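Walk through this model with the structure open.

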Amino acid sequence: MLEAIRTAKLGDDVYQEDPTVNRLEELSARKMGKEAALLTTSGTQANLVSVLSQTKRGDEIILETDAHMYYYEVGAFSALGGLIPRLVRGQAGVMTPEEIDAALRPPNIHFPPTTLVCLENTHNRAGGTVWSPSQTKAVFDFAKSRGLSVHMDGARIFNAAVAQDVDVRELTRSVDTLMFCLSKGLSAPIGSLVVGNSEFIGRARRYRKMLGGGMRQAGVIAAAGIVAIEKMIDRLKDDHANAKMLAQGLAKIDGISLDPSRVQTNIVIYDVKGLGVTAEEWVAKINEFGVKAGAVEGPRVRMVTHRGIEREDIEYTLAAAEKAARQISKHQVSQIVR
């Protein structure tokens with residue numbers, strides 16, 4: 001990636017004159033089976049320009065209750081797009097047509113019109129769970145029957161494809177628009193792509209400029225992205241294997257609760273309530289051993305495997321977690337004795 005950045009041919013991307021950006025966008029569109037693509041600075045920006053390009057102020061959009069777009073993107077679609085979220089509780093992040101249908105309201109002067117359904121594959125807060133091609137198609141067909149567009153937050157869409165051993169186009173065929181990240185598992189330092197038909201990408205490009213995302217010699221970003229797409233997808237299976245190993249080991253520690261069979265990709269979410277500590281306290285404790293994790297909420301903790309995390313790192317993490325759990329237990333016993 002560093003060599004690709006160093007030797008990248010550059011131009012002005014605002015005028016669509018950067019040959020490396022153009023190559024990345026053409027590669028991305030072809031990879032996803034769509035007409036066109038647009039490079040953005042982040043997944044949050046990619047989701048926002050996608051939603052803004054398919055809605056108008058006052059519209060309602062359908063999201064799964066724990067969607068990343070709802071939780072972790074600063075309410076951008078409401079603050080900047082004037083859009084109203086309608087939340088649907090799915091199963092492990094996956095909504096069914098029946099669940100979406102139950103959330104739809106009839107035309108009424110009191111209600112905002114619903115125009116867009118947003119999916120997330122893989123689903124972050126559900127623990128990296130995947131939508132299958134058939135599940136995606138079922139929602140897409142239903143949405144079309146109701147005149148709705150479908151956008152997919154596919155930040156880790158390649159994880160979903162690798163986990164199911166399918167071509168990524170099997171997962172993108174049944175959506176109108178999609179965003180995916182070059183960073184995270186694909187290991188590029190920055191950037192996300194939006195894909196869809198040419199008319200949509202034209203609107204998205206305008207919104208990207210409005211949001212301050214117009215870039216000049218952006219080929220230095222795109223060059224690493226090309227390497228990410230061409231070289232880094234197949235190795236995601238290693239991250240999945242490491243995540244499964246991590247989950248199986250954590251499940252054996254007294255006080256930690258999780259079902260390893262639910263770990264499908266590279267995200268492991270577990271419960272530390274049995275240790276008698278909060279997620280924040282547990283995260284602080286294992287950080288003493290040099291292990292990083294994130295507190296989700298309540299007693300839930302999140303760990304993610306990626307390039308640079310090897311099998312020996314998982315072994316060290318599990319040993320550290322066992323030591324941390326024992327230290328917490330001893331401390332609690334001494335407190336009772338006192």
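**Salt bridges, cavities and a surface patch**

R205 is buried, and E25 is buried too (buried means under 20% relative accessible area, exposed over 50%, partly exposed in between, with a 1.4 Å probe and protein chains only). This is a predicted model: local features need pLDDT of at least 70, side-chain atom pairs count only at pLDDT 80 or more, and totals for chains, interfaces and linings use all residues. Residues are numbered from 1 along each chain as its sequence is written, and side-chain values use heavy atoms, leaving out hydrogens and water.

The side chains of R205 and E25 form a salt bridge, 3.6 Å from N to O (a side-chain nitrogen of Lys or Arg within 4 Å of a carboxyl oxygen of Asp or Glu). R205 lies in helix α10 (residues 198-210) and E25 in helix α2 (residues 19-32), so the pair ties together parts that are 180 residues apart in sequence. Helices here are DSSP runs (H or I, at least four residues), as are strands (E, at least two), numbered from the N terminus.

The whole structure holds 19 salt bridges. One of them joins E3 and R6, at 2.8 Å from N to O. These two are three residues apart in helix α1 (residues 2-7), so about one helical turn separates them. R6 counts as exposed because its relative accessibility is 61%. E3, at 46%, counts as partly exposed.

R173 pairs with E170, with the closest N and O atoms 3.0 Å apart. Salt bridges that share partners also join D66, R89, R125 and E297 into one network.

Now look inside. How many cavities of 30 Å³ or more does a search of the whole structure find? It finds two. A cavity is a set of points on a 1 Å grid over the protein atoms alone where a 1.4 Å probe fits but cannot get out; lining residues have an atom within 4 Å of a point.

The largest cavity has a volume of about 50 Å³. Of its 13 lining residues, A155, R156, N159, C181 and L186 are the closest to its centre. α8 gives the largest share of this lining, three residues.

The second largest cavity holds about 40 Å³. Its lining includes T44, M69 and F77. α3 gives the most to this lining, four residues.

Finish at the surface. Y70, Y71, Y72 and L87 form a nonpolar patch there, with about 350 Å² of accessible area together. Patch residues have over 30% relative accessible area and no salt bridge; like charges are joined within 9 Å, and nonpolar side chains (Val, Leu, Ile, Met, Phe, Trp, Tyr) within 5 Å. Accessible areas come from the Shrake-Rupley method with a 1.4 Å probe; for residues, only the protein chains shown count as cover. Y72 sits in the loop between α4 (68-71) and α5 (76-79).

Definitions and conventions
1 Å grid on protein atoms, 1.4 Å probe; cavity = no way out; pocket = protein on both sides within 12 Å on 5 of 7 lines; lining within 4 Å. Points joined across faces, edges and corners; volume = space filled by probe spheres on them.
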